[in-house]
Amino acid sequence: TSNVYIIVTAENGNKQEYSLSIYRKRNTSQSKQRGRTITYRFDTQAKATVFADLTYHWAADSIYNLAREGVILGEESSGIYYFHPERAVTRTEFAAFISRFMHLDTTLTRFLPLPYGDEGEIPLWGLEHVRAVYKKGWMEGEGALFNPERSITRAEALTVISRMTGYSGGELYFNDSNDVPWWAASSIAGLVNAGIINGYEDNTIRPNDLLTRAEAAAILDKIM
């Protein structure tokens, strides 16, 4: 058995390391007839990445669960991988999370035109994911713009997840329920009733706060 290690770098600089195991097996029946015949079998397995900034982090288990599935990626710097769990998620990043999580076939929407004036500003590494979730009707723009680099709010992200899962409807009883945008109320209530989100310890949902990478991972991990 031989092992080959391959590092794949995405357009945004994210890296994933894979190990390629090569097994060699002699086919004895064929070797008698045509000389020595060698059969090879190739198995690939994602090598577990350890993020240096997740020690004792409350969402570490969820983050690693999704990282193993290839849903979320970290960033490499000088050979050390970081996840940046408290960094806000951009709208493009969130589209990529959802697309990978749902295993959407981005080849089916590769040339789908988007009705946004800033389509050209969507990073190439995320463009196909944005097209895929847009086609599903899960994620929309803001009027004539998609605003790919703007951080997504919790209300916006939970609305996307509600559309994706089909959970909606019900009442909200958080201390800040009045802060929930009217267009997100049913979506958030549905996810609460389904047990996917619970709010914070002070009985708030903080709908207008920016969604962090750790929170996104925790929510998707509950669904998975």
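This is a predicted model: local features need pLDDT of at least 70, side-chain atom pairs count only at pLDDT 80 or more; totals for chains, interfaces and linings use all residues.
Residues are numbered from 1 along each chain as its sequence is written, and local features need pLDDT of at least 70, while side-chain atom pairs count only at pLDDT 80 or more and totals for chains, interfaces and linings use all residues. Side-chain values use heavy atoms, with hydrogens and water left out.

Rings of Phe, Tyr and Trp (its six-membered ring) pair if their centres lie within 6.5 Å; planes under 30 degrees apart count as stacked, over 60 as edge-to-face and the rest as tilted. The count by this rule is four aromatic pairs. In one of them, the ring centres of Phe 51 and Phe 83 are 5.6 Å apart and the planes stand at 55 degrees, so this pair is tilted. Both residues are buried, a term for under 20% relative accessible area, with exposed meaning over 50% and partly exposed in between (1.4 Å probe, protein chains only). Ring pairs also join Phe 51, Tyr 64 and Phe 83 into a cluster.

Another pair consists of Tyr 116 and Tyr 134, whose ring centres are 5.8 Å apart with planes at 75 degrees, so the pair is edge-to-face. Tyr 116 is buried because its relative accessible area is 9%, whereas Tyr 134, at 29% relative accessibility, counts as partly exposed.

Charges are also found over rings; the rule requires NZ of Lys or CZ of Arg within 6 Å of the ring centre and within 35 degrees of the ring normal. Arg 213 lies over the face of Phe 83, at 4.2 Å from the ring centre. Arg 206 lies over the face of Tyr 200, at 3.8 Å from the ring centre.
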